Amino acid sequence: MKVELQNLTKIFPSRNKKSNEEVVAVSDFNLTIPDGKLVGLLGPSGCGKSTTLYMISGLQKPTAGKIFFGDEDVTELSPENRGIGLVFQNYALYPHMTVKQNILFPLQNLKGADKMTKEQMHERAYKAARLVQIDELMDRKPSELSGGQQQRVAIARALVKMPRVLLLDEPLSNLDARLRLQTREEIRRIQKETGITTIFVTHDQEEAMSISDVIVVMKLGVVQQVGKPQEIYDNPINLFVAKFLGTPPINVFDGKVKDGALYIGEEKVLDVGKVNDGRVFVGVRPEGFVPAEDGALTCKLSNVEVMGRDVSIVSSNKAMLSQTIRSIVDADYKISVGAEYVKFNLKPHKVFLFDEYTEERIYFGSQSAPTPIDEEM
Amino acid sequence: MANAKEKVKGWFIEGFVKTFIVAWIWQTFCVKWVWQTFCVKWFWKAFCVNILYKKFDSYKAWLYLSPAIILLLIFTVWPIFNTLRMAFWERYNMLQEIGGTLKFKLGFKNFVDVINYPRFIQCLKNTLLLCVLTVPLSTILALVIAVCLNSIKPLSRFLQTIFFLPYVTNSIAIGMVFEAMFNIVGYKTPEASVGIINTVIGFFGIEPINWINQGSAYWANITVLVIYIVWNALPFKILILLGGLQSVNKQYYEAAKVDSTPRLRVFTRITVPLLSPMIAYVVITGFIGGFKEYSSIVGIFGEDMQAVGGESLNTMVGYIYDSLARNQQGRASAAALILFGIIFIVTMINLGVSKKKTHY
């Protein structure tokens with residue numbers, strides 16, 4: 001099912017009745033999600049991503065804007081009529097029911113033409129359980145399951161009534177690190193197998209990057225960038241997006257452009273062509289550094305971490321704005337032990353310039369603004 | 001010698017512990033809640049601390065404990081012993097005991113007498129009837145009211161206070177108000193003046209009913225009592241259930257909403273199971289309270305505990321009280337033990353059922 005959000009806005013009234021301060025949780029959200037895609041809403045806490053999800057689910061009413069499922073306007077529909085499956089952050093499994101009863105519960109609510117016989121319900125429940133691989137746990141209570149198993153039961157319960165859209169609220173945040181990796185693969189697999197349009201919320205960029213078809217980066221209720229994970233990583237639209245995606249994070253320098261050349265500190269590091277002179281923020285991805293004897297950027301070496309496949313060089317520079325400069329270079333490169341300084345050349349396509357005031361991206365050379373996602377993808 | 005001393009100490013402790021376990025159970029039924037909440041709590045605390053820290057020699061500890069111990073010994077421990085003693089003494093009479101030398105035969109005559117006494121059977125019937133009618137009714141009503149109170153925002157504080165009022169009001173006073181409400185002056189005479197209840201049901205075209213006056217029917221009396229007892233028992237139950245409701249995670253309801261669950265099903269399949277520990281507690285305490293019903297009947301029907309010319313509405317506790325008043329301590333004690341037995345069995349059944357049905 002295609003999901004379309006048009007100018008979606010949510011404003012919460014102020015708690016303090018005297019002041020008229022309002023909290024804008026989501027502001028003017030526009031997004032079209034093609035059928036059968038896995039979409040990650042990504043942003044720091046308090047950026048309105050959960051609110052957006054709850055508005056899509058219908059548990060919260062938008063202040064303005066419209067929501068379409070396919071061509072149907074569902075903005076005024078209550079959650080039960082939207083045909084959505086929702087997985088809560090803490091799963092909200094009914095503790096007094098067995099796994100089977102939990103999964104059967106949504107089916108037993110069906111009325112009228114959708115009403116099913118007991119056999120049909122069991123068949124559907126077991127089908128959903130098999131899909132998430134919990135069919136052997138059907139007679140247990142939720143308290144007798146591990147976090148990952150509970151998570152799967154919650155997904156099965158959401159899937160069993162064949163929702164048009166599946167919504168997951170921070171699906172992995174209650175799991176430990178190992179289980180998280182495993183479960184996110186699982187979510188991806190389930191989504192692929194069912195082909196249900198799925199929207200999930202996360203604050204973990206790695207999680208979003210690894211399984212989403214499309215990522216929506218949000219900040220303070222405003223959508224920053226929408227795109228495929230790799231595209232957003234390679235071509236961030238502003239400093240916030242650049243900083244938010246990527247581990248290790250992007251290295252940010254204070255720089256300036258003068259006569260078509262980019263300077264970090266006093267050093268000229270790149271030719272940038274037609275860019276207006278002035279101060280800029282320079283973002284360089286860790287893999288954008290190339291150590292070289294005659295490198296343009298000189299950094300004070302503080303540590304070299306060997307990680308097998310590649311080497312992480314931790315260094316510092318006067319013009320840097322992050323804590324340290326962390327660059328990842330090929331393990332073939334042998335750095336001379338005891339060296340005090342290391343020199344880098346920069347890969348132009350891994351260097352991003354941002355306006356000093358608006359923090360918007362400045363494109364130079366062969367760089368160009370990202371194209372909006374097309375509906376077919 | 002040291003060994004013997006240890007042994008005696010052991011007996012002492014064991015005896016004390018057993019006594020107080022019995023006392024603990026007993027006073028739940030016999031003594032007013034003031035005793036329960038204050039004396040026993042303090043005493044238990046101090047007693048346990050004493051044992052744990054082995055400060056038996058410390059006179060200070062005993063000094064601090066003494067008010068509670070003395071009060072408990074006089075008003076809880078001694079009555080329990082005395083009840084047991086008197087229940088099994090045949091032909092016991094307090095005056096004879098004071099006189100001194102008479103020895104009493106041990107036996108079950110008191111129990112046989114009590115059970116064979118028709119008035120006691122009537123009391124038992126009244127008590128059981130009231131219990132069976134009021135406990136489910138008040139629990140269901142309390143549940144419904146608690147759910148309603150929980151789901152409304154405006155005035156909820158105010159309404160909570162209203163519903164809690166009976167709890168802090170004297171039951172005899174309420175009984176008298178009920179009497180006035182149900183009373184009919186000059187029944188079946190032209191100048192009859194009916195109470196407010198009859199006036200209200202008159203609006204629906206129902207003839208005034210003789211609830212509590214001379215010649216009133218047994219079912220009418222019981223109806224009045226049930227209304228009174230249910231109303232009086234509501235606040236405590238609402239309080240407990242409301243507390244339980246407020247601790248239920250809201251997400252269960254959101255999940256149910258997403259799954260388009262009808263309201264009634266949300267109530268029966270989610271709210272009630274999640275509240276089951278509180279419901280079990282309310283039912284058990286309700287039954288215990290129901291078996292001890294007494295003051296409500298006195299409040300409405302006076303000390304005769306019956307409508308003039310009507311069937312006796314006396315209860316078990318009332319019977320015990322009457323027997324004592326007639327200087328039949330043996331029978332009273334035997335009846336008290338029977339009541340204890342009934343409450344004990346009912347509570348055990350309740351616990352057994354709730355263990356199966358309750359989700360913790």
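A:Phe354 is buried, with a relative accessible area of 0%, where buried means under 20% relative accessible area, exposed over 50%, and partly exposed in between, with a 1.4 Å probe and protein chains only. The structure is a predicted model, in which local features need pLDDT of at least 70, side-chain atom pairs count only at pLDDT 80 or more, and totals for chains, interfaces and linings use all residues. Residues are numbered from 1 along each chain as its sequence is written, chains are lettered from A and ligands numbered from 1 in the order in which they are written, and side-chain values use heavy atoms, with hydrogens and water left out.

A:Phe354 belongs to strand 20 (residues 351-355) of chain A. Helices (H or I, at least four residues) and strands (E, at least two) are DSSP runs, numbered from the N terminus. Not counting residues up to four places away in sequence, the residues touched by A:Phe354 include A:Pro236, A:Leu239, A:Ala242, A:Val280, A:Phe281 and A:Ile362; contact means heavy atoms within 4.5 Å. A:Leu239 is 115 residues from A:Phe354 in sequence, yet the C-alpha atoms of the two are 6.3 Å apart in space.

Two strands pair if DSSP finds at least two bridges between them. Strand 11 (residues 251-258) and strand 14 (residues 278-284) of chain A are joined by seven bridges in the antiparallel sense, and A:Val252 stands opposite A:Gly283 in strand 14. In a regular strand the side chains alternate between the two faces of the sheet.

Two hairpins occur in this part of chain A. In one of them, strand 11 and strand 12 have two residues between them, and A:Asp259 in the turn has a positive phi of about 55°. Strands 11 and 12 run antiparallel and are joined by four bridges; A:Lys256 stands opposite A:Tyr263 in strand 12. In the other, strand 12 and strand 13 also have two residues between them, and A:Gly265 in the turn has a positive phi of about 65°. The antiparallel pairing of strand 12 (residues 261-264) with strand 13 extends over four bridges, with A:Asp271 of strand 13 as the bridge partner of A:Ala261.

An open sheet of five strands in chain A has the order 15-19-16-17-18, again with antiparallel pairing. Its edges are strand 15 (289-291) and strand 18 (325-330), each with a single partner strand, so one side of each is left without a neighbour in the sheet. From one strand to the next the twist averages 50°; axes are lines fitted to C-alpha atoms, for helices over the stretch in contact, and angles run from 0 to 180 degrees between N-to-C directions. Strand 16 (residues 297-306) and strand 17 (residues 310-316) run antiparallel and are joined by six bridges. A:Glu305 has A:Ser312 in strand 17 as its bridge partner.

Helix 2 (residues 99-108) of chain A has eight of its ten residues buried, so it is largely enclosed by the rest of the structure. Among the buried residues are A:Val99, A:Ile103, A:Leu104 and A:Phe105, and also A:Lys100 and A:Asn102. The buried residues of helix 2 pack against helix 3 (118-131) and helix 4 (147-159) of chain A, together with helix 12 (263-291) of chain B. A:Thr98 lies in the loop between strand 6 (84-87) and helix 2 of chain A. A:Thr98 is buried, with a relative accessible area of 16%. Leaving aside neighbours within four places in sequence, A:Thr98 is in contact with A:Met138, A:Asp139, A:Arg140 and A:Lys141.

Chain B contains 15 helices and two strands. Of its 360 residues, 41% are buried. Among contacts in chain B with a separation of 6 or more, 67% are between residues 24 or more positions apart.

The axes of helix 5 (residues 109-116) and helix 15 (residues 329-357) of chain B come within 8 Å and cross at roughly 80°. Helices 5 and 15 of chain B are therefore roughly perpendicular to each other, a term for angles of 65 to 115 degrees, while those under 35 count as roughly parallel, those over 145 as roughly antiparallel and the rest as oblique. The residues in contact include B:Phe111 and B:Val114 of helix 5 and B:Ala334 and B:Leu337 of helix 15.
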